[in-house]
Amino acid sequence: APIDAPVDQIFIEAIGAVDSLGYFRTGELHKESSVTIYARKVGDQKVTVRIGPPTDEEATTQSEVRIRIGNLGNLVESQAIYDRIIETL
């Protein structure tokens, strides 16, 4: 989903969201234009939050956040993380 904030600011808020929701953060991968946060949840499911530039070249002030929980994804939990990021921005 697009968010009207720079990648660095979203990264800081995403770390807080992941930590406050009780996920165990296992690592981060910083690339030139994107950041990926890795975490685990109870049941040892992988949680991935990727923050990067928008795929739409016309949206220059936005960043894009992609959240995946488990292998197939979990919409409810992903939405909870996204909502927490939006609240703190």
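What pattern does the protein follow, read along the sequence? The model is predicted, and its order of elements is β-α-β-β-β-β-α. In total, the secondary structure comes to 2 helices and 5 strands. The radius of gyration is 12 Å, close to the 12 Å that the globule rule gives for 89 residues, so the protein is as compact as a globular protein of that length.

**Overall dimensions and packing**
- The C-alpha trace spans about 40 × 25 × 25 Å along its principal axes.
- Of the 89 residues in the protein, 37% are buried.
- Taking contacts between residues at least 6 apart in sequence, 43% join residues at least 24 apart.

**Surface and charge**
- The protein has an accessible surface of about 5,600 Å², and carbon and sulfur atoms account for 50% of that area.
- There are 9 positive and 14 negative side chains.
- The centres of the positive and negative sets lie 10 Å apart.

- Ser-78 sits in helix H2, which covers residues 75-88.
- Is Ser-78 buried or exposed? Its relative accessibility is 11%, and because buried means under 20%, Ser-78 counts as buried.
- A polar atom of the Ser-78 side chain lies 2.9 Å from the backbone oxygen of Asn-74.
- With neighbours within four places in sequence left aside, Ser-78 is in contact with Ile-67 and Ile-69.

Terms used: Residues are numbered from 1 along each chain as its sequence is written. This is a predicted model: local features need pLDDT of at least 70, side-chain atom pairs count only at pLDDT 80 or more; totals for chains, interfaces and linings use all residues. Side-chain values use heavy atoms; hydrogens and water are left out. Helices (H or I, at least four residues) and strands (E, at least two) are DSSP runs, numbered from the N terminus. Buried means under 20% relative accessible area, exposed over 50%, partly exposed in between (1.4 Å probe, protein chains only). A polar contact is a pair of N or O atoms within 3.5 Å; within protein, one must be able to donate a hydrogen and the other to accept it, and residues adjacent in sequence count only if both atoms are side-chain atoms. Contact means heavy atoms within 4.5 Å. The radius of gyration is taken over C-alpha atoms; the globule rule is 2.2 Å times the number of residues to the power 0.38. Accessible areas come from the Shrake-Rupley method with a 1.4 Å probe; for residues, only the protein chains shown count as cover. Lys and Arg count as positive and Asp and Glu as negative; His and the chain ends are not counted. The place of a charge is taken as NZ of Lys, CZ of Arg, CG of Asp or CD of Glu.
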